[in-house]
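My entries follow in the order I made them.

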Amino acid sequence: MIHKFSMNGINIVLDVYSGAVHVIDDIVYDVLEYYGVHSKHEVVDLLKHKYDIGKIEEAYQEVNELKENELLFTEDPYQDYIDKWDKRSVVKALCLHVSHDCNLRCKYCFASTGSFHGDRLLMSSDIGRKAIDFVINNSGKRRNIEVDFFGGEPLMNFDVVKDILEYAKTQGVKNGKEFRFTITTNGLLLTDEIKQYINENMSNIVLSIDGSKEVNDNMRVRVDGRGCYDAIVPKFLDVAESRNQDNYYVRGTFTRKNLDFAKDVLHLADLGFKQTSVEPVVAAESEGYALREEDLPTLFEEYEKLAVEYLARKKENKGFNFFHFMIDLDQGPCVAKRLSGCGSGHEYVAVTPEGDIYPCHQFVGNSEFKMGNVIDGTMKEEIKNMFQKSNVYTKDKCKNCWAMFYCSGGCPANAYQFNNDIDQPYSIGCELEKKRVECALMIQAALAL
């Protein structure tokens, strides 16, 4: 399987199963339109009105050689692998919901403004410690464990965050585990003292902001309806500089209210942020801000516009990192990760303030997906197995998609939300992911020329 496309004046063809990416000229691009369906003579006849016959024959031979060297039209090496896959996962990452409460009331919040459709609660140190014990006991021989302090707003319960973190470090030493911590915050409660503790103890911090003041304050509002942009931007810039512009992300959400989201990404870059991630909202079409199929052409144009500007800034040494344009063509994820994705429900789980275990933060509150509780350390094997067995080959929509090894089948929570099945991907998400991958490949190709 191959995928070819043109962007920013560059013709690119991807060989899906080998991962080889080729920059090609117009003749080869057009030959590929007919190669494998028509004979060499027929291809020449189809293109002779456009190119010199000798050039067409050279291009045809070039494609032949790439195929013989297994760099184009390679066979699927993974189907047999997945049929025999009997890997048993261990839990290696926790999303700790230390706060089911928030000091913002973001209009698009999937977590019902932080309460996750339940009571507004804060996690106790006892539950947090039991969660650490749980992941240690269920991590097998794995040494490295990830813990994300999440909410709601985790800074509303920061003393407990510190207690859990210190407990994890102590237990890690005792049990031969190395913990790596991340925290996600809206920034309103950030102080110099909290910033210092995070910088000294956490590998990453995610700072929530949507872009310009107008866009951010339209969706991200306080309990009294006021916006938060002016309060958080100086704090976020300070955090970014204090971490030497690394190991953090400013993370935003775009909606139907700002389909021209590229300007918000660039606004964050112009403020001085070097690590950005602005994601499409995922919401039911009944919500006025939800993305729709009819918005896709506009969004594709925005991603391409952003990619061209992103590339120009890179070449001028004024670049920044945009999460969805970062792609590793040399190493990348291992085969298992490319096939199965984020690991939610079997390698990664979320824990609520009550200690309940869910496949990930987006499933929290859905009783069908409650997997157990850290108090007694139980976890339902049938739910774990359902997620563990899910991969690009169990998803009909994925198995013939050229981008399957880049998105690994997409988000199971989004699939369930829209299709009531973790193996039926969310279509808008699929289309946006394919465009982002094309943009990322174009950027890498242009930088290599």
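This is a predicted model: local features need pLDDT of at least 70, side-chain atom pairs count only at pLDDT 80 or more; totals for chains, interfaces and linings use all residues.

**Entry 1**

Residues are numbered from 1 along each chain as its sequence is written, and side-chain values use heavy atoms, with hydrogens and water left out.

For my labels, helices (H or I, at least four residues) and strands (E, at least two) are DSSP runs numbered from the N terminus. I took two strands as paired if DSSP finds at least two bridges between them.

β1 and strand β2 (residues 10-15) pair in the antiparallel sense over six bridges. They belong to an open sheet of three strands in the order β1-β2-β3, with antiparallel pairing. The edge strands β1 (2-7) and β3 (21-24) each pair on one side only. Direction ignored, neighbouring strands of this sheet are turned by 25° against each other on average.

I then looked at the second pairing. β2 and β3 are antiparallel over four bridges, and valine 13 stands opposite histidine 22 in β3. The two strands form a hairpin with five residues between them, and glycine 19 in the turn has a positive phi of about 80°.

Which residues of β3 are on its covered face? They are His22 and Ile24, while Val21 and Val23 make up the uncovered face. I noted the background: in a regular strand the side chains alternate between the two faces of the sheet.

Helix α1 (residues 26-34) lies across β1, β2 and β3 and runs at about 140° to β1. For such angles, axes are lines fitted to C-alpha atoms, for helices over the stretch in contact, and angles run from 0 to 180 degrees between N-to-C directions.

**Entry 1: alanine 20**

Alanine 20 lies in the loop between β2 and β3. Is alanine 20 buried or exposed? Its relative accessibility is 14%, so alanine 20 counts as buried; buried means under 20% relative accessible area, exposed over 50%, and partly exposed in between (1.4 Å probe, protein chains only).

Leaving aside neighbours within four places in sequence, alanine 20 is in contact (heavy atoms within 4.5 Å) with Val13, Leu14, Asp15 and Leu71. The C-alpha atoms of alanine 20 and isoleucine 2 are separated by 9.7 Å, at 18 residues apart along the chain.

**Entry 2: the eleven-stranded sheet**

Next I traced an open sheet of eleven strands with mixed pairing, in the order β12-β11-β10-β9-β8-β7-β4-β13-β14-β15-β16. β12 (321-322) and β16 (378-379) stand at the edges with a single partner strand each, so one side of each has no neighbour in the sheet.

β7 and β8 pair in the parallel sense over six bridges, and isoleucine 145 has phenylalanine 179 in β8 as its bridge partner. Six of the eight residues of β8 are buried. Helix α6 (residues 158-175) lies across β4 (93-97), β7 (144-150) and β8 (178-185), at about 165° to β8.

Further along the order, strand β14 (residues 356-358) and strand β15 (residues 372-373) are antiparallel over two bridges. Aspartate 356 stands opposite asparagine 373 in β15.

I checked the backbone angles against a general rule: most residues other than glycine have a negative phi, and most peptide bonds are trans. The peptide bond from glycine 151 to glycine 152 is cis, with omega near 20°. Glycine 152 sits in the loop between β7 and α6.

Asparagine 244 has a positive phi, near 55°, and lies in the loop between α9 (229-242) and β10 (248-254). At 66% relative accessibility, asparagine 244 is exposed. Asparagine 247 also lies in the loop between α9 and β10, has a phi near 60°, and is partly exposed at 39%.

**Entry 3: histidine 324**

Histidine 324 is in the loop between β12 and α12 (335-340). I recorded it as buried, because its relative accessibility is 14%. Beyond neighbours within four places in sequence, the contacts of histidine 324 are Val278, Glu279, Glu433, Arg436 and Ala440.
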